[in-house]
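This report walks through one protein structure, from a pair of helices to the sheet and the cores. Keep the sequence and the model in view while reading.

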Amino acid sequence: LMALDVSTTELCTTDCDSIDVETSRTFALSVVNSLERDYPGTQLGMLAYSDGYIPLVYPGLLRENSLELKRGIRSLRLKGGDEYHQLGISKSVDMLNKSGNVLLVTDGVPPGGGGVYGPIYRGVTSSNAEGVTDEDYKRKLLNYTSNLPDDIKLFTVAVGEEGEKELDFLE
């Protein structure tokens, strides 16, 4: 399952929509086209995530859902908000029924305010009143990914402008 980060980043210094999303679209279309040509029996699905998620295509045989996947990829647009990597990964695992591969396509920039680990998440205040640094976020996310079900394999692909990718903590 491909999980595509469609959030904007505070680090972006140029036309992010044309770089980040176009790079993600190109990569995702390349994956679909390659798998369709070489492995048409592959199961593939896709979701887009930021501070929410949208299941674009539920996992199914590529030969049966390749047009729907390509339409979903072409429809991708950047949206406001921060990327919540754990949300993208968690929803991918759910869509896969806890078995399969997750391909996380992201610039890897931690969400402002600590994301799901911050003092306020979706309007709910947690006991973590002092907030979460980027390093805290990265550590907590690594801990989360190390506890994924055994039948889930997580892969990451960095997209975005050089110098604005922060995937080192997910390698």
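The axes of H3 and H4 come within 10 Å and cross at roughly 10 degrees. That makes H3 roughly parallel to H4, a label that covers angles under 35 degrees. Axes here are lines fitted to C-alpha atoms, for helices over the stretch in contact, and angles run from 0 to 180 degrees between N-to-C directions. Helices (H or I, at least four residues) and strands (E, at least two) are DSSP runs, numbered from the N terminus. In H3, the residues His85, Gln86, Ile89 and Ser90 meet Tyr137, Leu141, Tyr144 and Thr145 of H4. Contact means heavy atoms within 4.5 Å.

This is a predicted model, in which local features need pLDDT of at least 70 and side-chain atom pairs count only at pLDDT 80 or more, while totals for chains, interfaces and linings use all residues. Residues are numbered from 1 along each chain as its sequence is written, and side-chain values use heavy atoms, with hydrogens and water left out.

**Helix H3**

Helix H3 spans residues 85-95 and lies across E1, E2, E3, E4 and E7. H3 runs at about 150 degrees to E2. How many of the residues of H3 are buried? The count is 8 of 11, so H3 is largely enclosed by the rest of the structure. Buried means under 20% relative accessible area, exposed over 50%, and partly exposed in between (1.4 Å probe, protein chains only). The buried residues of H3 are His85, Gln86, Leu87, Gly88, Ile89, Ser92, Val93 and Met95. They pack against E1, E2, E3, E4, E7 and helix H4 (134-146). After H3 comes Asn97, with a positive phi near 55 degrees.

**The sheet**

An open sheet of 5 strands has the order E3-E2-E1-E4-E7, with mixed pairing. Strand E3 (53-61) and strand E7 (152-158) stand at the edges. Each has a single partner strand, so one side of each is left without a neighbour in the sheet. From one strand to the next, the twist averages 15 degrees. Strands of a sheet pair through backbone hydrogen bonds, either parallel or antiparallel. Two strands count as paired if DSSP finds at least two bridges between them. Two of the pairings are set out below.

| Pair | Bridges | Direction |
|---|---|---|
| E4 and E7 | 7 bridges | parallel |
| E2 and E3 | 6 bridges | antiparallel |

A hairpin joins E2 to E3 through 3 residues. Ala48 stands opposite Ile54 in E3.

Now look at Gly100, in strand E4. The bridge partner of Gly100 in E7 is Ile152. Leaving aside neighbours within four places in sequence, Gly100 is in contact with Asp151, Ile152 and Lys153. Gly100 is partly exposed, with a relative accessible area of 21%. Gln43 sits 57 residues away from Gly100 along the chain, and their C-alpha atoms are separated by 9.2 Å.

**The cores**

A nonpolar core is a set of buried Ala, Val, Leu, Ile, Met, Phe, Trp, Tyr and Cys residues joined through side-chain atoms within 4.5 Å. Which members of the largest core, of 20 residues, touch the most other members? They are Met2, Val32 and Leu69. Strand E1 (2-5), helix H1 (16-38), strand E2 (43-49), helix H2 (62-74) and strand E4 (100-106) each give two or more residues to this core. H1 gives the most, with 5 residues. Another core lies apart from it, with 16 residues, among them Leu47, Met95, Val132 and Leu148.

Leu69 is in contact with Val32, Leu44, Gly45, Met46, Val57 and Leu62, leaving aside its neighbours within four places in sequence.

Ser24 lies in helix H1. Is Ser24 buried or exposed? Ser24 is buried, with a relative accessible area of 3%. Beyond neighbours within four places in sequence, Ser24 is in contact with Val105 and Val159.

**The whole chain**

The protein chain has 4 helices and 7 strands. Along the sequence they follow the pattern β-α-β-β-α-α-β-β-β-α-β. Buried residues make up 47% of the 171 residues. Among contacts between residues at least 6 apart in sequence, 76% join residues at least 24 apart. The chain exposes about 8,700 Å², and carbon and sulfur atoms supply 50% of it. Accessible areas come from the Shrake-Rupley method with a 1.4 Å probe; for residues, only the protein chains shown count as cover.

Note on methods
Parallel < 35°, antiparallel > 145°, perpendicular 65-115°, else oblique.
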